[in-house]
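Look at the model first, then read on.

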Amino acid sequence: MQTTANNKANILIVGCGDLGGKVGQLLSASGHQVTALSRTVKTLDNVTLITADVTKPQSLTVIKSLTPSIIIYCVSADGRTDAQYKAQYVDGLRNVLSAQSNNKQLTTAFFVSSTRVYGQTSDQLLDSEVIAKPADFGGERMLEAEQVLASMPYQTSSLRLSGIYGPGRLRMINLAKDPTRWPEGNGWTNRIHRDDAANFIQHLVEMATDNAVLAPHYIVTDSKPSTQYAVLHWLSEQLGISFSARVPTVSGGKRLSNDAMLATGFQLSYPDYQSGYTALIK
């Protein structure tokens with residue numbers, strides 16, 4: 001593995017949005033040499049920024065001369081159509097990896113995926129050993145991208161993130177403020193705080209830098225799957241908002257286990273929605 005001083009890695013982050021930017025800041029602060037690729041011009045302290053578009057292979061010529069030892073692919077789709085998902089997650093990942101095909105220093109690549117690959121509905125706790133069975137085009141494209149990654153000749157790991165919340169991601173808080181907009185159904189939900197997601201990615205990077213063997217994929221979620229109404233009722237109480245005591249029968253969704261994530265030695269700062277949302281409300 002190509003490293004910088006003090007066994008620090010040379011890292012390329014593809015996608016510099018909310019999560020990718022946070023990961024870049026963490027890795028840079030811990031001494032790694034970080035380059036980040038973004039479609040728009042941005043600035044991050046101690047991170048080298050490159051402007052390019054993963055859906056346009058010709059724009060990726062700029063990264064062909066880079067020799068990162070670790071790549072983190074962390075993009076988001078432009079919209080919610082099958083074509084947009086394919087362009088960003090499948091074709092974009094393939095384009096980036098192709099641009100790095102001559103990089104002999106590359107030892108590890110991560111793809112930030114989604115628990116959407118699990119299309120099954122179940123009250124049973126599903127762990128990372130359960131075979132992913134997508135139920136929609138989004139899950140199918142995510143799984144297709146994971147397969148592209150897994151075909152590479154170096155270590156790879158797909159990070160299946162559940163619903164991200166955190167600074168600027170306040171959908172559930174805003175929904176709790178208006179009980180008239182609450183859904184009719186009450187399915188199981190899973191979530192991960194943005195900071196915990198970023199910290200876990202950093203944790204895996206440090207493991208890779210130390211030549212640890214990583215799992216081919218991890219479910220990145222907190223330790224308390226909860227029904228949607230349990231979260232909404234709790235949030236409304238914290239916000240002092242009157243709400244209906246109606247609790248629909250639990251139906252749909254799935255409960256996901258983070259056992260593989262915690263088995264790496266990682267510790268969550270926000271192990272459940274109460275701790276995470278309490279920090280946001282304050």
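Helix 2 (residues 82-99) and helix 3 (residues 137-150) have axes that come within 9 Å and cross at roughly 5 degrees. That makes helix 2 roughly parallel to helix 3, a label for angles under 35 degrees. Axes here are lines fitted to C-alpha atoms, for helices over the stretch in contact, with angles from 0 to 180 degrees between N-to-C directions. Helices are DSSP runs (H or I, at least four residues), numbered from the N terminus.

On the helix 2 side, the contact (heavy atoms within 4.5 Å) includes Asp82, Tyr85, Lys86 and Tyr89. Helix 3 brings Phe137, Gly138, Arg141 and Met142, among others. The residues of this contact divide into 10 nonpolar, one polar and five charged. Ala, Val, Leu, Ile, Met, Phe, Trp, Tyr, Cys and Pro count as nonpolar, Asp, Glu, Lys and Arg as charged, and the others, Gly among them, as polar.

This is a predicted model: local features need pLDDT of at least 70, side-chain atom pairs count only at pLDDT 80 or more, and totals for chains, interfaces and linings use all residues. Residues are numbered from 1 along each chain as its sequence is written, and side-chain values use heavy atoms, with hydrogens and water left out.

Helix 1 (residues 18-29) packs against helix 5 (residues 194-209). The two pairs are set out below.

| Helix pair | Axis distance | Angle |
|---|---|---|
| Helix 2 and helix 3 | within 9 Å | roughly 5 degrees |
| Helix 1 and helix 5 | 9 Å | about 50 degrees |

The angle of about 50 degrees makes helix 1 oblique to helix 5. In helix 1, Asp18, Leu19, Lys22, Val23, Leu26 and Leu27 make the contact. Their partners in helix 5 include Arg194, Asp195 and Ala197. This contact divides into eight nonpolar, two polar and four charged residues.

The structure holds 10 salt bridges (a side-chain nitrogen of Lys or Arg within 4 Å of a carboxyl oxygen of Asp or Glu). Arginine 194 lies in helix 5 and aspartate 18 in helix 1, so the pair ties together parts that are 176 residues apart in sequence.

How confident is the predictor? The chain averages a pLDDT (confidence in each residue, from 0 to 100) of 95, and 98% of the residues score at least 70. Over residues 1-5, pLDDT stays under 50. Where pLDDT is low, the predicted coordinates should not be read in detail.

Notes:
Helix = DSSP H or I, 4+ residues; strand = E, 2+ residues; numbered from the N terminus. Parallel < 35°, antiparallel > 145°, perpendicular 65-115°, else oblique. pLDDT = per-residue confidence, 0-100.
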